[in-house]
Amino acid sequence: MALLEIRSLSKSFRGLRAVTRASFQVPEGGLVALIGPNGAGKTTIFNMAAGVYAPDAGEIVFAGRRIDGLRPDQVCAAGVGRTFQVVKPFAGMSVLDNVIVGALRAERRVPEARSHALGILEKLNLGAKRDLPAASLTLPDRKRLEVARALATGPRLLLLDEVMAGLRPTECDQLVEVFRDLNRGGLTILLIEHVMRAVMALAQHVVVLHHGEIIAQGAPEQVVRDPAVLECYLGEETDV
Amino acid sequence: MRARLLLGALGAGLIALPQFSGSYVLSLATLALYFAFTGQAWNVMMGFAGQLSLGHSLFVGLGAYAAAALFVKFGIGPWAGLWVAMALCVAAGAAIGLLAFRFGISGVYFALLTIAFAEFTRIGFDHIGWLGGPGGLFLKVGQRTSWDLANLRGTPVMFYYVMLALTAGAFALCAWLLRSRAGYYWQAIREDEDAARALGINTFRWKLLAVAISAAMTSLAGVFFAFYYNNLFPEQIFHISQSIEIILGPIVGGVGTLFGPILGAVLLTTLAESLTNLVAATGLDIPGVKQVFYGVILLLVIMFLPNGIWPPIAKRFGLGRKD
């Protein structure tokens, strides 16, 4: 059964069509990657799913319930956690306090939220840095913090917007391992990713977006051989 | 632990102060506490939740006029009147908040809106003849030697203790708020509102709560003002200079900290008063010397200690970042 269902979603910005009739599904417990060149409309789809914008047309159904047009906090309350492509740490607060803010969604009392947050920091290898101000973290750690905060809200579906970008291959592999563990634990994940290394290692299903339209979807090995996908990434093939 | 000790010593000193100080020092201390209290109230909105108000005189004025009018016109005492004052200020704060947050007005534009509300209320009160208009509203003054706490009529020592209790109460409230769910949510909103929303925080509701609490606290300062000074003029109590004086303490002491507003208010009040006396002693007549002094202090703090005086002190003596 699909946990998240995107049905014929469209969105324009002042006449520019960012997304056109996109449809795909994320099955319960699945790990789906949304890929495509820059400007393909991936983040626009994410932002609609997360409640930042309402779609012009189409529906977003999460766990059997329409969530398009809800506010971001309502979408989060419904069980969708998200990270931002450009990380947004609460810079003046400590790493632990950042995650406590997320944990307070599920645990209303601060002491309980605190212990929940500590567990999540351990899971993401940030335990030793919990008392540092978030502003002092390096980019890889900020990305991890972004994930930790979203996880702390206790989501059923996690939306990851390019969390691997800018990471070294070893750091990338560590994070892949974390996501694989989370997915095994029952968390459904939809990720936008440019780093194909991560996509190939993680995704069970890949959706390819180009100029706001879905041009291919399927298993990763199959999608990367699709001529339409090769064309949009590498240019048209010519005979020599 | 150190913070607790410091707090205990400070409290004991303040409680004992009237025993060995003259009436001048006592009035100065009362004034310092008044600004420590209003600074803390403002700090809830700006320091905790990141919503800049430059119109807090609105809440001082509304609180003062509500309690004074009930007392003068209907004989209703301040302990009953303060609830009316508080309700009125919460309603005014909610009106500003609803308007601003509903339409996504933030930052400088929000600050302008708070000024606008304070200003048109000032002008409005100039035209309410029933409350004296620009001529002012007065409470009966008399030389009192006993305490009448029920009607808030009494000696300067009584007013000092009332203000001390208010300031201590505000401190306890702020310390509790900062460690509660609200405190975490407000700081998240202050740091990055989009990220806060994505973590499930209904930012509209929590910002409104910050404004309401700040307005309710400030209204109490207004009630105190009315019964302490016994005269109210719209030109004075709603004036923007009131709002500015309220925020100087927290800015100098440290916005968003617990001790900052208190430290800033005490420093500014005592230094400004000493300076005024010094100038008077030299026989020179320099009007506005206090304002120039405030300007210079503000400049220095912004240049050299942009987070205020308290954070480096806290760090130096290991008093914890939040305290």
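**Reading a two-chain model**

User: Among contacts in chain A between residues at least 6 apart in sequence, what percentage join residues at least 24 apart?

Analyst: Two residues are in contact if their C-beta atoms, placed from the backbone, lie within 7 Å. In chain A, 64% of the contacts between residues at least 6 apart in sequence join residues at least 24 apart. For chain B, that share is 75%. This is a predicted model, in which local features need pLDDT of at least 70 and side-chain atom pairs count only at pLDDT 80 or more, while totals for chains, interfaces and linings use all residues. Residues are numbered from 1 along each chain as its sequence is written, and chains are lettered from A and ligands numbered from 1 in the order in which they are written.

User: How many helices and strands are there in chain A?

Analyst: Helices (H or I, at least four residues) and strands (E, at least two) are DSSP runs, numbered from the N terminus. Chain A has 9 helices and 10 strands. Its radius of gyration is 18 Å, close to the 18 Å that the globule rule gives for 240 residues, so chain A is as compact as a globular protein of that length. That radius is taken over C-alpha atoms, and the rule is 2.2 Å times the number of residues to the power 0.38. Chain B has 14 helices and 2 strands. With 323 residues, a compact globule would have a radius near 20 Å, and the 20 Å of chain B agrees.

User: What percentage of the residues of chain A count as buried?

Analyst: A residue is buried if 20 or more other C-beta atoms lie within 10 Å of its own, exposed if 12 or fewer, and partly exposed in between; C-beta atoms are placed from the backbone. In chain A, 45% of the 240 residues count as buried. In chain B, buried residues make up 47% of 323. For one example, take B:Ala32, in helix H2 (residues 23-48) of chain B. B:Ala32 counts as buried because it has 21 C-beta neighbours inside 10 Å. Leaving aside neighbours within four places in sequence, B:Ala32 is in contact with B:Ala265, B:Val266, B:Thr269 and B:Thr270.

User: How many residues of H5(A) are buried?

Analyst: A general point on helices comes first. An α-helix has 3.6 residues a turn, so residues three or four places apart point the same way. In H5(A), 12 of the 14 residues are buried, so this helix is largely enclosed by the rest of the structure. What covers its buried residues includes strand S6 (80-82), helix H3 (95-103), helix H4 (110-123) and strand S7 (157-161) of chain A. Among the buried residues of H5(A) is A:Ala148. Not counting residues up to four places away in sequence, A:Ala148 touches A:Val99, A:Ile120, A:Leu121, A:Leu124 and A:Leu126.

User: How many residues does the contact take from each chain?

Analyst: The contact takes 17 residues from chain B and 22 from chain A. On the side of chain B that touches chain A, the elements giving two or more residues are helix H7 (181-191) and helix H8 (193-198) of chain B. H7(B) gives the largest share, 6 residues. This side of chain B divides into 7 nonpolar, 4 polar and 6 charged residues. Ala, Val, Leu, Ile, Met, Phe, Trp, Tyr, Cys and Pro count as nonpolar, Asp, Glu, Lys and Arg as charged, and the others, Gly among them, as polar.
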